[in-house]
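This report describes one protein for a reader who has not seen it before. The sequence and the structure come next.

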Amino acid sequence: MTTSASVPTGSESAMMAGDTVTHRLVAANARYAEAFTDPGMDARPVLHVAVVACMDARLDLHAALGLELGDCHTIRNAGGVVTDDVIRSLTISQRKLGTRSVVLIHHTGCGLESLTEDFRNELEAEVGQRPAWAVESFRDVDQDVRQSMQRVRTSPFVPHTDDVRGFVFDVQTGLLREVDPAS
Ligand SMILES: [Zn+2]
């Protein structure tokens, strides 16, 4: 990124000229660190669980799932899609850091529902290079959760697949709905 968005006027830290959202985050961190005490944890998640979720800003995973600092690994990307890189993280999570359960969370109103794989063509037309990655767009969120569960369960690298469950988070009610892997 070569540019950064301005903080909306009226916010506390937007008083300084040339302020950016990153300035605001760094200022918030200084306040956080003042109250922070070393919890003395190691890197192994207390609840032995990895949560794979969409990056959507309306999904506050810790609040929505009652999670505390140190409880879980959170792996997020556009769509909460199980890509090769998510498998990489899950493999390290299970084999090196002791997690045993996987929770997959997609959500209502996901931006990926309005995209198609044609997005790659648009990018190629604009920048002259076709991305190596798939867009992973979808139309049926339940089916996409099932596909994600299947990708975890069939990965040769992920050893613990007995407890892999998938959900759709409703951004309007805050409720999770479980997706039946067999439907
Ligand atoms: Zn999303």
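## Terms and source

A residue is called buried if 20 or more other C-beta atoms lie within 10 Å of its own, exposed if 12 or fewer, and partly exposed in between, with C-beta atoms placed from the backbone. Helices (H or I, at least four residues) and strands (E, at least two) are DSSP runs, numbered from the N terminus.

The model is predicted: local features need pLDDT of at least 70, side-chain atom pairs count only at pLDDT 80 or more, and totals for chains, interfaces and linings use all residues. Residue numbers start from 1 along each chain as its sequence is written.

## Overall layout

The protein has 5 helices and 5 strands, in the sequence order α-β-α-β-α-β-α-α-β-β. Its C-alpha atoms fill a box of roughly 55 × 50 × 35 Å along the principal axes.

Of its 183 residues, 23% are buried. Among contacts (C-beta atoms, placed from the backbone, within 7 Å) between residues at least 6 apart in sequence, 59% join residues at least 24 apart.

Two strands pair if DSSP finds at least two bridges between them. β1 pairs in the parallel sense with β2 (residues 72-77) over 6 bridges, and also in the parallel sense with β3 (residues 101-107) over 5 bridges. A50 has bridge partners in both: H73 in β2 and V102 in β3.

## Helix α4

Helix α4 (residues 118-127) is hardly covered, with 0 buried residues among its 10. After α4 comes G128, which has a positive phi, near 80°.

Technical notes. Contact = placed C-beta atoms within 7 Å.
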